[in-house]
Amino acid sequence: RDIARAGAMKSLRNSIESFSDDEIVLEGCLLALSSLCIVEDNIVYMLEGDLIDQVIITMNGHLDCGGLQEHGCVILGLLARNVEARRRISKACGFNSIVISMAINHGDVEVQCQALTAVRAFCAIDDDSCKVLLATSGAVSAVLEAMKAHPDLNRVHEIGCDVIRLLSLGRNDDNNRLLGENGAYTVVVRSMW
């Protein structure tokens with residue numbers, strides 16, 4: 001907490017802006033931010049200024065940098081605990097960023113696991129609007145594609161099945177329709193073989 005209170009978030013934001021083309025520096029900045037976001041009290045510092053927008057812009061500007069995408073997804077997943085952060089992520093199309101990250105980095109297991117974990121974090125919140133936004137942004141297809149692309153990785157299947165379960169629990173019939181139309185239940189059953 002003391003590091004965040006001392007201005008670490010502001011310093012990291014300045015570094016992200018100053019080194020916007022240097023993927024190594026950006027990956028390090030997002031790794032540091034993800035570590036700071038673990039402590040829930042630090043999320044308030046993420047809400048100051050436009051740091052959430054900056055994380056999403058950084059992810060969108062470096063789509064094929066797996067490490068950067070991995071840390072960006074961790075940040076977004078950790079921010080799911082905060083109502084205001086969820087609103088800002090939604091407004092900045094952060095759900096789309098997670099789905100696009102999964103699609104472009106389909107072979108990177110760590111990106112897949114962290115993106116799935118972020119999707120699960122948003123689905124676990126008692127907020128049907130998050131579930132609807134995720135489903136309409138293509139999260140159902142992305143989750144299923146991750147599970148199909150990594151048939152032997154239990155971590156991917158465990159998190160993916162949990163996401164599907166959480167999406168199906170919502171009071172939104174469109175999510176259940178999307179799950180059915182995309183063959184979610186077949187993929188879940190196959191993951192148990």
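**Chat about the model**

Modeller: Let's start with C93, which is partly exposed, with a relative accessible area of 41%. Buried here is under 20% relative accessible area, exposed is over 50%, and partly exposed is in between, with a 1.4 Å probe and protein chains only.

Colleague: Before we go on, what are the ground rules for the model?

Modeller: This is a predicted model, where local features need pLDDT of at least 70 and side-chain atom pairs count only at pLDDT 80 or more, while totals for chains, interfaces and linings use all residues. Residues are numbered from 1 along each chain as its sequence is written, and side-chain values use heavy atoms, with hydrogens and water left out.

Colleague: OK, back to C93. Where does C93 lie?

Modeller: In the loop between helix 7 (83–91) and helix 8 (94–104). Most residues other than glycine have a negative phi.

Colleague: How many helices and strands are there in the protein chain?

Modeller: 14 helices and 0 strands. Both are DSSP runs numbered from the N terminus: H or I over at least four residues for helices, E over at least two for strands.

Colleague: And what share of the residues count as buried?

Modeller: 50% of the 193 residues. The chain exposes about 9,100 Å², with carbon and sulfur atoms supplying 53% of it; that's Shrake-Rupley with a 1.4 Å probe.

Colleague: What about contacts between residues at least 6 apart in sequence?

Modeller: 70% of those join residues at least 24 apart. A contact means heavy atoms within 4.5 Å.

Colleague: At what angle do helix 5 and helix 6 cross?

Modeller: Roughly 150°, with the axes coming within 10 Å. Axes are lines fitted to C-alpha atoms over the stretch in contact, and angles run from 0 to 180 degrees between N-to-C directions. The two helices are therefore roughly antiparallel to each other, a label for angles over 145 degrees. On helix 5 the contact uses I52, V55, I56, T58 and M59, and on helix 6 it uses L68, Q69, G72, C73, I75, L76 and L79. By class, that's 9 nonpolar, 3 polar and no charged residues. Nonpolar covers Ala, Val, Leu, Ile, Met, Phe, Trp, Tyr, Cys and Pro, charged covers Asp, Glu, Lys and Arg, and the others, Gly among them, are polar.

Colleague: T58 keeps coming up. What does T58 touch beyond its neighbours within four places in sequence?

Modeller: I16, L26, L30 and L68. T58 counts as buried, at 5% relative accessibility. Its C-alpha is 9.0 Å from that of Q69, 11 residues apart along the chain.

Colleague: And how do helix 2 and helix 3 cross?

Modeller: The axes of helix 2 (residues 8–18) and helix 3 (residues 23–37) come within 9 Å and cross at roughly 160°. That makes helix 2 roughly antiparallel to helix 3. Their contact has 10 nonpolar, 1 polar and no charged residues.

Colleague: Last one: is R86 buried or exposed?

Modeller: R86 counts as buried, at 10% relative accessibility. This helix 7 residue touches L79, A80, R81, F122, I125, D127 and C130, not counting residues up to four places away in sequence.

Methods
Angles under 35 degrees count as roughly parallel, over 145 as roughly antiparallel, 65 to 115 as roughly perpendicular and the rest as oblique.
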